[in-house]
Amino acid sequence: MRDGLRSAGFLALFSLLQPGVAYGQMALEADASLYQSTYQPGASAPTAFTHATILDGAGDQIDDATVLLAEGKVVAVGTNVAIPPGTKVVDARGRWVTPGIIDVHSHLGVYASPLVKSLSDGNEISDPNTAEVWAEHSVWPQDPAFSRARAGGVTTLQILPGSTNLFAGRSVVLRNVRSVTVQGMKFPGAGQGLKMACGENPKTVYGDMRRAPSSRMGSMAGYRAAWIRASDYRQRWDAYEKAKAANPAASPPPRDLELESMAAALRGDIRVHIHCYRADEIAQMFDLAKEFDYQIATIEHAVEGYKLGDLFRRNGACASMWADMWGYKMEMQDGIPENVAMVASKGNCAIVHSDSDDRIQQLNQDAAKAMFAGRRMGMEISKATAWSWISGNPARALGIDDQTGTLAPGKRADVVLWSGDPFSVYTRADLVLVDGTVTYDRRDPSIDQGSDFDLGHPSARKAS
Amino acid sequence: MIRLLAPLLLLLAPLLLLLAATAPASARTIAIVNGKIVTMGPAGTVEGGTVIVRDGKIVSVAKGGAVPADAEVIDAKGKWVTPGLFDSSSQLGLVELVAFANANDASARGSRYSAAFDVQFGLSAGITSLAVARSQGITRAAAVPAAGAHIFSGFGALVTMKPQDPILLRSRAFQFVELGTTGATNAGGARGAAWIEFLDALRMAKAGAEPAYSEKALKQADLEAIRPVVEGIVPLMVHVERASDILQVLALRSSYPRLRPILFGAAEGWMVAREIAEARIPVILCPFVSLPSSFETLAATRRNAAILGEAGVTLAFMPAPKPDVPMVGQLRQGAGIAVAYGLSWEDALRAVTLGPAEIFGVGAQLGSLDVGKTADLVVWNGDPLELSSYAEKVLIGGRTASLITRQDELRDRYR
């Protein structure tokens, strides 16, 4: 039963799924059979980019090299690649080829353009614990920002709920393709995340409503009380699974959607992503995870990550950061442009994220800014390493690194051909491929005509 | 009598301040030698050039060129020298934390005043972002009031990015009005209301009318603030995005010929580029804008700057669609993105130097490295629009400005 469901895709990637510890059967049935990905790669032609400067996303740069793609997969990368007959050859002399950009922190679709109240679906601001909500149930696939992000080379993105709640809900990982349904964008086999938030947002939002939490200590108490209930819920379902083995007629405990999400996080079936800025609070988040024995996948924003040495690495988490955002609010005052480089230099898994429908259009430039800030303070950071901040490392954090994020043979052909060095402000994506399918071609606007919302305003597309 | 004199004094004040700000900063002579000097003026770009600065002014720009014996020499070999950058849409000097009223002097939703609101009183050299702006090569900025509860946001100011108070360069440098979606919202829900309120205010200010006695109506001080706008003494920065709104602003001058509008935002400006160019009305825009983030920017495109530039419109750039402080680092990047989408490199640099200086009426003193102008200049390690480049030296009014930021001190504490 379990194996059948796992091969159905939804939970297939979770190596942490322990044998013998079954997920609640009813929950499994609901998750796996009803909300599956229907994404299918489009048509693709065998393609070779030749004489390109290649950043492989895993930390290597290969000059004057070839990337060979076929059947939606990377076939070979190197300076000595035989090109089979029938392959479309693109001379990429002077141009660069990289894996597609992966943004681990996006709200496209849940805070769609135009940002009117009707399309503001990213925060369920009704209770500080809404672990039961799923971002994919809010994503509007017609958000015109998806196509703008495609033009910026983004091939995969995680849509997170917002950060007003202690437990904000489940995230979804999407392929950046045009689709009528969100199911048609869901990355097959990629797991969900559980978004949590610490710091100013929850205590301000609920404090203003004269509700808990209204302080950081109130937030901490809120997390702990909820995790205690979730641990208990998990135990009850585990006991039921054991009882059912002896007695198939055993009756299951009542389902609770909120606790189901949290129990899945405790089991490691759902990756935990925590919005947290300040160094002291990040350390509290790691202690909290120890108390309830769950793994944190990423600390989101980690504005003060540079104050924490190798704490992320020691806790098996990635730090997911802006290049140079700071200010706005008190907990962002200590943001510095060297943050990403300093966090990376301590052996931590560093990620550059956008958290913006604008920055997602040039996340390569944010990686560049972070890299140059590090170089300026004397660090040796290669462009190949910096590219891993927006491809290899995000793939790792999302648990999809066996499929995308690098240009290794066998990986999905998620590839960007850049007009030049993608660390230059003047460079643009010439071609963007998802599973080998061209989803954006700078010279052929017919390839990506935007979302349905873009129709009726053809003038803007003609201008670009 | 006093009622006549007071506005006159208020109008003279900025001129006096401007004189004070451009007075000799020091008797020192500075020579920047061997640089690639991008003057943005008639001298064009001078390779291997020397800029001599004395008493706060540029006294010569020449290829090679003799260096006075008493000069402090800055070797700019392999480096680029440009005019100091001008941020046309900032809250620099006004806002420490956008999110908190007690750290934000750019907006006053609760104020009884609207057009009379004046950012100059909130300026402080102590604001953290000033040093960050300097480190980005920004030497001057427009401090823009944020929309309050009315269509008029009040007077903006020009500010100098120097580390000592006062940083005011010109008070009452422009009036700001919201005539797009924000204006419509503030006026009760529609442009039809915003424009009637706007036209009524212009009419009353022109006629010297007494204000109506009503809590919501413009106060005497507001009408007095609008009068110099009608008379063309103070430019009017108009926030509009939609092409149709832009055309309505252009048409204003048939009734108010002395009005000096500056289009602010103008996401759909490219659709009416020829009309804007013919009206000789400048545009302050954000080169990043590409999304229909509201129904007034349905035709937004990153080609906007290139199309307007091609049409001959005087351009200035803002680092973000809203004048938010933390984005100062994006001013140069935005100019670079405008180039990536087709604007010429020279026009892009002009939009962050001479363009805004001219738009704000300080083009005779600032914005280019011409002999006689105030010595605001930046020595860069490379192309100033590139992500790899940074400001190595910044001169403001002929004085070397510290580029150490609070962020640098944090970095060094934890490195």
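Two strands are taken to pair if DSSP finds at least two bridges between them; strands (E, at least two residues) and helices (H or I, at least four) are DSSP runs, numbered from the N terminus. The model is predicted: local features need pLDDT of at least 70, side-chain atom pairs count only at pLDDT 80 or more, and totals for chains, interfaces and linings use all residues. Residues are numbered from 1 along each chain as its sequence is written, and chains are lettered from A and ligands numbered from 1 in the order in which they are written.

In chain B, 8 strands form an open sheet of mixed pairing, in the order 6-7-8-9-10-11-12-13. Strand 6 (85–90) and strand 13 (315–317) of chain B are its edges, each pairing on one side only. Neighbouring strands of this sheet are turned by 25° against each other on average, direction ignored; axes are lines fitted to C-alpha atoms, for helices over the stretch in contact, and angles run from 0 to 180 degrees between N-to-C directions. Within the sheet, 6 bridges link strand 8 (residues 152–160) and strand 9 (residues 168–178) of chain B in the antiparallel sense, and F155(B) stands opposite Q175(B) in strand 9 of chain B. Helix 6 (residues 243–251) of chain B packs on the sheet, where it touches strand 10 (236–240) and strand 11 (261–265) of chain B. The direction of helix 6 of chain B makes about 155° with that of strand 10 of chain B.

Between the chains, 39 residues of chain A are in contact (C-beta atoms, placed from the backbone, within 7 Å) with 38 residues of chain B. Helix 10 of chain A supplies the largest share of the chain A side, 5 residues.

Conventions:
Two residues are in contact if their C-beta atoms, placed from the backbone, lie within 7 Å.
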